Amino acid sequence: MTQNASQRQTPSLGLDSYRGRYFWLSLLIGLILIGLVLWGQRQVREVGETNTLLAARQGTVISTLIDAEQAAHQLKESLLAFSLDPQQIPTDALEILIRRLRLTVERLARQGSSTLGDNPEVVRTLIDDVQTLARHARQLTRVRQDSNAWIPASPLMREQMVPATMTIAGILQHLDAELDTFPPSSRLHDQALQLRLYWQHIIGELRLMVANRFGIFDTDAHRAMQARVNNIEDRLEIFQQRLATLRERLAAADEYPLVAEMDEIDEALHRWTDGYHQLRLMLNSKAWRQDLVILEQHITPVLNRLLARLLASRIQLQTESSAQLQRLLRLGDRLANGIGWLAGSIILLLALGYLAFQYWLLRPISEIAEQLHREARGESGDEDEIALPPIDETRHLVEAFSAMREQVRAREQRLDYLAYHDALTGLPNRRLFHERLDEALRSELPKGHQIAILFLDLDRFKQINDSYGHLTGDQLLIQVARRLRGALRRDDLVARLSGDEFAVLLGRFGHRSEPARLAQKVLDTLDHPFEINGIRFHTSASIGISIAPEHGTTADELIQHADTAMYQAKTAGRAGVARFHHEMLRNSRHNLQLERELHQALSEEQLRVFAQPILDIEGRQLHACECLLRWQHPKRGLLAPAEFLALAEEMGLMPRITDWLLDQLEARHDDPIPYSINVSARLLHSPGFLEGLRQRITESRLQAERLIVEITEDTLARDLERITLQLSDIQALGVRIALDDFGTGQSSLSHLRAFPFDMVKIDRSFVKEVVNDKQDATLVRAIIGLAHTLEMQVVAEGVETPEQHAFLRAEGCDWLQGYLFGKPRPLEPFPPRLQNAQTTT
């Protein structure tokens, strides 16, 4: 020890540690590098000063050439964008881009054409190209803004194919009605229904073929069109065969008037087929869009030639600049040689450093490792105690061994922690919660104290988790756990039981209302939006409360009863609190009582009709009103549809309720406002609904143009083909059909393809966040564009803010509905501003 102490007292300039030795080595290498850099800097400065002036002049011309290239590229992109959507790029903007390109080329002329090469005609040629571009661009704008000039096939479809389509559909519908009176054994009516279905399929495929030519559903337009063509020709062949079969059977039955109508179908089908073949040829030709012809044959060659000349001039100048920099490169070679010598020196120093490591570091570490192995085998004694090496780093290695043992113990404690806590949120898990609840029951109940638990389940968590992925769901659970800990008292225990279920163990509390107050505080805390990866999510919770000993004296009883209360809160409309009571176990009796009261409500006319206006995009002109049902309960007051319509659907009362609603509309025979009603799948399948509606319209008790039938996507999903036939019959009466809550169901695009709806209603869940959520904004924009492509009008539901109104107006939505323009009110005359407005049908 005395010898080591004397060694440490001797001045060593830091050479007794690797840190000190590397310091002196780094200092030496740094001095060498500084000298090399100073020498190279002087050489580069001499050459750089010589070439700075010339490079500046060439740089100015190159910059101008780059501006011209950028202006040409921007003009090219703008012309392509204008060809796709004239509304996106105004013609004034195109004129500005052409003028910018022309001014840039003129600036090149002022800087001197000699700098652009040996050819003095370069600048003059560039100016001529710009003038040619301007002439063809104006021709493109005129063609793109004229639909007949833009798509030559438009007159053919409008003047030949559409009348033929209407003729065939009308005759098929008349045949369907006439053959309905024939005996079922003849199966003539079934054949007519199959013909109507095949014709609808053919028209649907034709619409998809036209849409695919624009690349709406597939980037490979010809491949997508060919698929539709194959489907059309297959179905058309089957249609013609079955048409011929039906004609033969009608002729055999001596139904010659119907046979004559079949001849009319043949004539219309011949006109339609001729138009279809012409349409295919026109859509498959290169000139199916005249704006593309102008772009490809006139504008693109000139633009490519202009860009090629600009690029060639710029490359020439850059080549000259590169030649001027050769001296700098040669100087760089000399510097590289010097750096090579420096690298050799560094390699030599590294070799010497390796020898130093071998002697001063590796050998001591090997000795220390051998001693550690001997200690692990139990062979070490007092004489084998590891001595601290004289070098700082190796001495720290021994100290690190002791620290490692402490870390192992810490990890064991961490494993014990994870056995009783949720790994995601850090909250106690179900096991720890159950043990703490048992402990609290054993210690507090004998003292006469009460214990309460809150059972919490997140609302709409599964929808968020399925839509945005499990990572987003996990982040939401973490933020919920953080808010729960912040909202509750320090002595309360918050635990995550499973999935999106949480539980809270409340210790002592003074008043029976304290658990409900804390539960409401939790709801208020969760009411604020959660922001995850730039997306704002809104969720709520349903909370059930159970209190010991009133609701149980064991942990399992309290958790079960709190869970029951939570489901009661969720059934009541979510985002609520329910305290357990034993009457919850008798909910079935309540449902039976509600059924009896609902029958009584129909017989005593306790139902009420409310109407919400649907206005034009400016919010001033009344288009229609949506009918909404309310139940004026004699004891519970005015009930919302959510409290009884689902039960009425299960009881089969919807046909009676719908007939009553239509009777209310008949009573308003002189009211010019159209009204929309919601129709379920079960009601559409009801045999008397269509016949009753036809009778009302035929007897002029109800005007068809004043009625709109709304169905949801879920209704279509149940029996698509049968429901489309029912909707076709309703539409044939003159009643408009609307697809409600569009976007919330599955296969939304296939639903638009299945039936030509008159209007599409965007679900309020998309409109709600359309201003703040880019994804919702993109979906709404796509729905509007797709509906307009299929010649359907669009109604936006749930418009509540001026910002939503402004967005929908900018995107070209047709009609608006929401609290911003009017809440549902009892069915009565609207204010004069709306009542006197001209309705649009």
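How many aromatic pairs does a search of the whole structure find? The search turns up 5. Keep in mind as you look around that this is a predicted model.

Let's start with two tryptophans. The ring centres of W199 and W272 are 5.3 Å apart and the ring planes meet at 65°, so this pair is edge-to-face, the label for planes over 60 degrees apart. The two partners come from distant parts of the chain, 73 residues apart: W199 belongs to helix α7 (residues 188–213) and W272 to helix α9 (residues 256–284). Are these tryptophans buried or exposed? W199 has a relative accessibility of 3%, so it counts as buried. W272 comes out at 0%, so that residue counts as buried too.

Now hop over to W631 and F644. Their ring centres lie 5.7 Å apart with the planes at 75°, so here again the label is edge-to-face. W631 sits in strand β9 (residues 622–633), while F644 is in the loop between β10 (637–639) and α19 (645–651), so the pair ties together parts that are 13 residues apart in sequence. Both W631 and F644 are buried.

Rings also turn up with charged partners.

| Arginine | Ring below the charged end | Distance to ring centre |
|---|---|---|
| R483 | F530 | 3.7 Å |
| R630 | F610 | 5.3 Å |

Next, a look at helix packing. Two packed helices are described by the angle between their axes and the distance between the axes. For helix α20 (residues 654–666) and helix α22 (residues 687–698), the angle is about 10° and the axes are 12 Å apart. Angles under 35 degrees count as roughly parallel, so that is how α20 runs relative to α22. Which residues make the contact? On the α20 side they are T658, D659, L662, D663 and E666, and on the α22 side F689, L693 and R696.

Finally, the nonpolar cores. The largest one has 73 residues, and the members touching the most others are L665, L727, I730, F757 and L808. Another core lies apart from that one, with 39 residues, including L175, V210, L250 and I265.

Key: Residues numbered from 1 in each chain as written. Predicted model: local features only at pLDDT ≥ 70, side-chain atom pairs only at ≥ 80, totals over all residues. Heavy atoms only, no water. Core = buried A, V, L, I, M, F, W, Y, C linked by side-chain atoms within 4.5 Å. Buried < 20%, exposed > 50% of the residue type's maximum accessible area, 1.4 Å probe, protein only. Phe/Tyr/Trp six-rings, centres within 6.5 Å; stacked < 30°, edge-to-face > 60°. Helix = DSSP H or I, 4+ residues; strand = E, 2+ residues; numbered from the N terminus. Lys NZ or Arg CZ within 6 Å of the ring centre and 35° of its normal. Axes fitted to C-alpha atoms, helices over the stretch in contact; angles between N-to-C directions. Parallel < 35°, antiparallel > 145°, perpendicular 65-115°, else oblique. Contact = heavy atoms within 4.5 Å.
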